[in-house]
Amino acid sequence: MSRFFPFLVVLGLAACSEQGGQTYTVDELVADEALLSRVMRECRNNPGELRETANCTNAESADGKLRLHRMRQSLGG
């Protein structure tokens, strides 16, 4: 019985852990603007739970990178 209880605790924690799916890199999100848009929308619709996740952080970085790139292009740089 003493070995069974820790097994149940670990099993319960694994079942409750976040199942967010694939984590996208900044470069993947910059390359696929539709994916970036989808991830940004999900993050903005649920900021309380998703704000600190890797995908939301990477999406914010990718969005900033694309904005900077567009500003440079519009200024002729």
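This is a short tour of the model in your viewer, one selection at a time.

Before you click, note that this is a predicted model: local features need pLDDT of at least 70, side-chain atom pairs count only at pLDDT 80 or more, and totals for chains, interfaces and linings use all residues. Residues are numbered from 1 along each chain as its sequence is written, and side-chain values use heavy atoms, with hydrogens and water left out.

**Stop 1: the whole chain**

Start in cartoon view. The protein has five helices and zero strands, so labelled because helices (H or I, at least four residues) and strands (E, at least two) are DSSP runs, numbered from the N terminus. Running from the N terminus, you pass α-α-α-α-α.

Of the 77 residues, 19% are buried (under 20% relative accessible area; exposed is over 50%, partly exposed in between; 1.4 Å probe, protein chains only).

For contacts (heavy atoms within 4.5 Å), take those between residues at least 6 apart in sequence: 56% of them join residues at least 24 apart.

**Stop 2: the disulfide**

Which residues does the disulfide join? Select C43 and C56: their sulfurs sit 1.8 Å from each other. The pair links distant parts of the chain, with C43 in helix α3 (residues 33–45) and C56 in helix α5 (residues 54–74), 13 residues apart. A search of the whole structure finds one disulfide, counted as a pair of cysteine sulfur atoms within 2.5 Å. The link is left-handed, at -95° about the S-S bond. Both C43 and C56 are buried. Leaving out residues up to four places away in sequence, C43 touches L50 and C56.

**Stop 3: the core**

Next, select Y24, L29, L35, L36, V39, M40, C43, C56, A59, A62 and L66, the 11 residues of the largest nonpolar core. Such a core is a set of buried Ala, Val, Leu, Ile, Met, Phe, Trp, Tyr and Cys residues joined through side-chain atoms within 4.5 Å. Helices α3 and α5 each supply at least two of its residues, and α3 gives the largest share, five.

**Stop 4: D63**

Finish in helix α5, where you'll find D63. Is D63 buried or exposed? It is buried, with a relative accessible area of 15%. Show its neighbours: skipping residues up to four places away in sequence, D63 touches L36, M40 and R44.
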